[in-house]
Amino acid sequence: MPRRERTLRVLISAEHGGNDVPAPYRPLFRDREALLVSHRGWDPGTSALARDLAGALHAPCQVATVTRLLVDLNRSATNPAVFSEVTRALPEAERMELLALHHAPHRGRVEAAVSALVAEGYDVLHLGVHSFTPVLRGVERRADLALLYDPARPSERAFAAAWTERLRTALPMRRVRRNHPYRGSSDGLTTTLRRSFPADRYLGIEIEVSQALVEKDGVFPAWIARALLDTLPDDVARS
């Protein structure tokens, strides 16, 4: 049987695209406004970046805007970190409601989108768009842009290596790294989806951008999206 020609269709998601608090939970955040607007509450810049990438690539896009302090959509439901100090002590019924109303629907929509593309015969490149605080607990994170992937999956490792080298060539004055400041194999939505889809059909790459680059209007400068798009490896479908 001849080898199937690889065509990667893109799916974009942003799990921490906002710091919205649904009305029933606003009393929990009284006197916690500073925490809500900090990097603990959301990933600044990611909502617009995700939508810009999706628009340019004609890709489906799922952006969640509920604050991660309520429930973290990029953590498994069984991960203790799925609830923050704000919600961890809530009664079990209320925590289960948060999972049912916000956590499961977002993750379900992303998984359904991957399934639909795979069913149509495509390989899927899932780009999870995130941002990170440049200093955490007094330690500087020495990167402007990073790609996270699972080193145990050869297709992801090769894809991330090729994209990183193109980014470094395009952005010689910027610090572009791999699996920084987090490991791509740590618990996250891409990690969960890797268990559902084989390595030759699903690539889960997380884009991490330093929040030091967020501009006054709350979005990243246009060169970030442009660089990511211009350097995507050639087997990614553009329309």
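Here is a short walk through this protein chain, from its overall build down to one of its helices. The model is predicted, so local features need pLDDT of at least 70, side-chain atom pairs count only at pLDDT 80 or more, and totals for chains, interfaces and linings use all residues. Residues are numbered from 1 along each chain as its sequence is written, and side-chain values use heavy atoms, with hydrogens and water left out.

Let's start with the whole chain. It has 6 helices and 8 strands, where helices (H or I, at least four residues) and strands (E, at least two) are DSSP runs numbered from the N terminus. Along the sequence they come in the order β-α-α-β-α-β-β-β-β-α-β-α-β-α. The radius of gyration of the protein chain is 18 Å, close to the 18 Å that the globule rule gives for 239 residues, so the chain is as compact as a globular protein of that length. Here the radius is taken over C-alpha atoms, and the rule is 2.2 Å times the number of residues to the power 0.38.

Of the 239 residues, 50% count as buried, meaning under 20% relative accessible area with a 1.4 Å probe, protein chains only.

Now zoom in on helix α2, which spans residues 46-57. Its buried residues are Thr 46, Ser 47, Leu 49, Ala 50, Leu 53, Ala 54 and Leu 57. Their cover includes the strands β1 (8-14), β2 (61-63), β3 (123-132) and β8 (202-210), along with helix α6 (222-231); contact here means heavy atoms within 4.5 Å.

Key. Expected span 1.5 Å × (residues − 1).
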